[in-house]
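Hi,

Here is the model I promised to pass on to you.

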Amino acid sequence: MVTASAGTLTATSVTGIPSGTDLILTITTPGCSTRVVTVPAATCQLGNATIGNFVWHDQNGDGQQGSSEPGIGGVTVMLLDPLGNMIAQTTTASNGAYTISGIPPGTYYLKFSIPSGFQPTFALIGNPASDSDLTGTFGAGTTNLFTLAPGQVNNSLDAGFFRCALIGERVWYDTNRNDIQDNPENGINGLRVNLWRNHFGVWTIWDFTFTGHKPNTPSEDGWWQFCAPPGQYYVQIIIPPLGLVQVQPNRGNNPNRDSDLTNAFGQGTTNSFTVSSGGSKLDLAGGYYPMAIAGNLVWNDLNMNGIQDLNEPKVSGVKVEDLTQKITRSSENL
Ligand SMILES: [Ca+2]
Ligand SMILES: [Ca+2]
Ligand SMILES: [Ca+2]
Ligand SMILES: [Ca+2]
């Protein structure tokens, strides 16, 4: 607004002045020479900043907002300064969207409440506009620091969550050698089970456990289970050197009763499989014949006493891998 204390003012405002540009006014007084007045460029701030905008269920665990992946409503979003003082707070709408506006320019971080049963997905993977920013830098559910310029709108501050998926769950002695889990064939305890994950293109041991007694059962042994992020995995069962001989995989028509050790990724491994957020893959098992090995001798240990009794035949064609010496031998020539 332009105002005048004397004379006749015909222009009441000057608009559209580029930022950082001085305004030059020319004033004409009858009978006098023309005067030029310079109004310096404005030094005021251009305005407050706005942030957003999405909290979602990362169902496939790839760290990116898939087009079919739903938002999560009711998540608290807190804006804090670097000292941890809360500046603003809001809650995501039912579609997972949030926005906080009127933020003075400055440096901040965000803290998202973690929905019950969920955990933050992998942060800063891929396109920032559609990735998750929960690096945990300032504790669970927090982002890194970010800086907002005057008037800036930053809608790339997002949070992805998933539920872990159950993967399991048995190793057993195939006592009757039919490659099927029958009752009452016993489980085998104390074996290490590795869970391998295809982690953004690199197969890595994500977790491991040991087979043992199944909780809340009277006598079920050989049990193992993981709860892992959604993604692609295979399982590897580590057996003692010269200890056990795998049964044939995928026999019969009940995936809950067969063995899944196809050796697809090496000795004692399953095929790869994919689990989604909150899903399960619990029909994985490893079966072993009750054979025994002593030195270079392999036999059907029918009564599983570890001794070659008179009625127990030698076995031919069994590949014996001595893991301690990395020597592969065959029993064919015994
Ligand atoms: Ca995703
Ligand atoms: Ca993002
Ligand atoms: Ca059987
Ligand atoms: Ca199976």
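Below is what I found in it, from the whole chain down to single residues.

First, the conventions. This is a predicted model, in which local features need pLDDT of at least 70, side-chain atom pairs count only at pLDDT 80 or more, and totals for chains, interfaces and linings use all residues. Residues are numbered from 1 along each chain as its sequence is written, while chains are lettered from A and ligands numbered from 1 in the order in which they are written.

On confidence, pLDDT is the predictor's confidence in each residue, from 0 to 100. Its mean over the chain is 88, and 84% of the residues reach 70 or more. The stretch to treat separately is 320–334, where the pLDDT is below 50. That stretch still has 24 contacts in the model beyond near neighbours in sequence. A contact here means that the C-beta atoms of two residues, placed from the backbone, lie within 7 Å.

Now the overall make-up. The chain has 22 strands and 0 helices; both are DSSP runs numbered from the N terminus, with helices being H or I over at least four residues and strands being E over at least two. Of the contacts with a separation of 6 or more, 60% are between residues 24 or more positions apart. Buried residues account for 29% of the 334 in the chain. For burial I count the other C-beta atoms within 10 Å of a residue's own, again placed from the backbone: 20 or more is buried, 12 or fewer is exposed, and anything in between is partly exposed.

Next, the cores. A nonpolar core is a set of buried Ala, Val, Leu, Ile, Met, Phe, Trp, Tyr and Cys residues joined through C-beta atoms within 7 Å. The largest has 25 residues, and Ile237 and Tyr288 touch the most other members. The elements giving two or more residues to this core are β11 (165–173), β12 (192–199), β14 (223–228), β15 (231–238) and β18 (280–289). Of these, β11 gives the most, with 5 residues. Apart from this core lies another, of 19 residues, including Ile51, Trp56, Tyr108 and Phe161. What does Tyr288 contact, leaving aside its neighbours within four places in sequence? The list is Tyr173, Asp174, Ile188, Leu244, Val245, Gln246 and Val247.

Strands count as paired if DSSP finds at least two bridges between them.

One is an open sheet of 4 strands in the order β5-β4-β7-β9, with antiparallel pairing. Its edge strands are β5 (86–91) and β9 (146–148), each pairing on one side only. The twist averages 30° from one strand to the next, with axes taken as lines fitted to C-alpha atoms (for helices over the stretch in contact) and angles running from 0 to 180 degrees between N-to-C directions. Strand β4 (residues 76–80) pairs with β5 over 5 bridges, with Val77 opposite Thr90 and Leu80 partnered by Met86. The hairpin of these two strands has 5 residues between them, and Gly84 there takes a positive phi near 90°. With strand β7 (residues 106–112), β4 forms 4 antiparallel bridges, and Met78 stands opposite Lys111.

The other open sheet of 4 strands runs β6-β3-β10-β8, with mixed pairing. At its edges, β6 (97–103) and β8 (119–120) each have a single partner strand, so one side of each is left without a neighbour in the sheet. Strand β8 is joined to β10 (residues 153–162) by 2 bridges in the antiparallel sense, and Gln119 stands opposite Phe162.

The peptide bond from Gly52 to Asn53 is cis, with omega near 5°, and Asn53 is found in strand β3 (residues 49–57). The bond from Asn183 to Pro184 is also cis, with omega near 5°; Pro184 is in the loop between β11 and β12. Asp179 lies in the loop between β11 and β12 and has a positive phi near 65°. With 18 other C-beta atoms within 10 Å, Asp179 is partly exposed. Asn216, in the loop between β13 (202–210) and β14, also has a positive phi near 65°, and counts as exposed with 6 C-beta neighbours inside 10 Å.

Enjoy exploring it!

Best wishes
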